[in-house]
Amino acid sequence: MTCSFLLYPGVLLTVLVVLSLGVLPVEVDPNGYILYCPCMGRFGNQADHFLGSLAFARSLNRTLALPAWVEFRNHAPRSTQIPFDTYFQVAPLQEYHRVITMEKFMKELAPEIWPPGERTVFCYSKRGNSGCDAKQGNPFGPFWDTYEVDFDHSELYGPLYFAPHSQFETKRWLDKYPPDKYPVMAFTGAPAQFPVNPADAPLQKYLKWSKNIEAKATKFIKENVEKPFIGLHLRNGIDWRNACDHVEQSPQMFASPQCLGQRGENGPMTYELCFPSDKTIIRQVKEAVKKYKAKTVFVATDQRDMMTELGDAFKKKVKLVKFTPSDPHVDLAILGKADFFLGNCVSTFTAFAKRERDVNDLPSGFWAFPTKSKKKTKEEL
Ligand code: GDP
Ligand code: MN
């Protein structure tokens, strides 16, 4: 009696300690870890890179640390880092491969397996004056500062490259960097190709919106959308206009292989593909509204929403809606649910919506695609 009375508070205390620490301590993965900074571009680029990095981590059988999303706000001198799970759920990714949030890795594992003084950063070749210079510039410095990481050594891994589907290349990585000698591989940039390798695009199915984003998208649709509905992505800000000025010199640009094909087998790059005219947009939306008997058109844009022009074209026969205040992730979540989607083939932002729709068997199209060959245009004249 006395004994169990004495024991009971002890057991209770242990339970309370475990509960207050969150969950049980994280076990160390003997196969090692991959960390990286999504240091190139904005959300669409980072998402392309994420899918490749996930495939790479799996090819080396290392746990992937889910990095924060890097955001650039109103010309602020330093990027803002948004924890990965603000936008996406972690659990569905575990179905494909072992992952841990960067926050959890730093808090619960880094002190033991990656302590200050033993932090090596990996890059292909020398970046600045001293090795990888992994914290030089924005968002490089701000990203690692978010986790209070400073690097002690640089490891130049070139001429290895990221080819998770090549057994030969995978073996080279495993031979050169065994997990017992290199438990943590932290990369200055994403260990992945850009744009995403088509072989990795289906991994999109493991990227499930966080409860918060999903709820906003669902609520918006419930309150504002009469179905069926068509989603549009209009990419037309000044940065885009400037980028599109270079199409003449580029057979492919950014995400364009998603429609033109890896080797351009589906047609040539054109200015319209990159920066479609209002006329092209209105014609394609009209065709789509008719085909899908759409009652609503949802517009997502970085700049010009064309509400006036679309309103004139439809004369109130369809409802035109957009999500305000502007939120890129909610926009994407809504675009993912439309009955039909029209987007910009060159944009990686469009590519995100397109991949999500592909894995859910929903149809999509692109502005000014298929591109007209020169020969056909002549015939039409
Ligand atoms: P890309 O430049 O089109 O390949 O895509 P990125 O995602 O790399 O960069 C474009 C950025 O512009 C996005 O990350 C968003 O911040 C913003 N943006 C582009 N299109 C939209 C849109 O339809 N809605 C909102 N809210 N933002 C957008
Ligand atoms: Mn971009």
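Reader: Are Cys 37 and Cys 39 buried or exposed?
Author: This is a predicted model, where local features need pLDDT of at least 70, side-chain atom pairs count only at pLDDT 80 or more, and totals for chains, interfaces and linings use all residues. Residues are numbered from 1 along each chain as its sequence is written, chains are lettered from A and ligands numbered from 1 in the order in which they are written, and side-chain values use heavy atoms, with hydrogens and water left out. Buried means under 20% relative accessible area, exposed over 50%, and partly exposed in between (1.4 Å probe, protein chains only). On that scale, Cys 37 and Cys 39 are both buried.

Reader: Which handedness does the disulfide of Cys 37 and Cys 39 have?
Author: A disulfide is a pair of cysteine sulfur atoms within 2.5 Å. Cys 37 and Cys 39 are joined at an S to S distance of 2.0 Å. The torsion about their S-S bond is about 80 degrees, so the disulfide is right-handed.

Reader: What is the handedness of the disulfide between Cys 123 and Cys 132?
Author: The sulfur atoms of Cys 123 and Cys 132 lie 2.1 Å apart. Both cysteines are buried. The torsion about the S-S bond is about -90 degrees, so this disulfide is left-handed.

Reader: How many residues apart are Cys 244 and Cys 274?
Author: A disulfide joins Cys 244 to Cys 274, S to S 2.0 Å. Its torsion is about -80 degrees, so the disulfide is left-handed. The pair links distant parts of the chain: Cys 244 sits in helix α8 (residues 238–244), Cys 274 in helix α10 (residues 271–274), and they are 30 residues apart. Helices (H or I, at least four residues) are DSSP runs, numbered from the N terminus.

Reader: What is the relative accessible area of Cys 244?
Author: Cys 274 is buried, at a relative accessible area of 0%. Cys 244 is buried too, and its value is 0%.

Reader: What is the pairing of the bonded cysteines in sequence order?
Author: The structure holds 4 disulfides. With the bonded cysteines of the protein numbered in sequence order, the pairing is 1-2, 3-4, 5-7, 6-8.

Reader: Which residue has its backbone nitrogen 2.7 Å from a polar atom of the Asp 48 side chain?
Author: Asp 48 is in helix α2 (residues 43–59). Asp 48 is buried, with a relative accessible area of 2%. Setting aside residues up to four places away in sequence, Asp 48 touches (heavy atoms within 4.5 Å) Phe 194, Pro 195, Val 196, Thr 348 and Arg 355. The backbone nitrogen at 2.7 Å belongs to Val 196.

Methods. Helix = DSSP H or I, 4+ residues; strand = E, 2+ residues; numbered from the N terminus. Polar contact = N/O pair within 3.5 Å; in protein donor to acceptor, adjacent residues only side chain to side chain.
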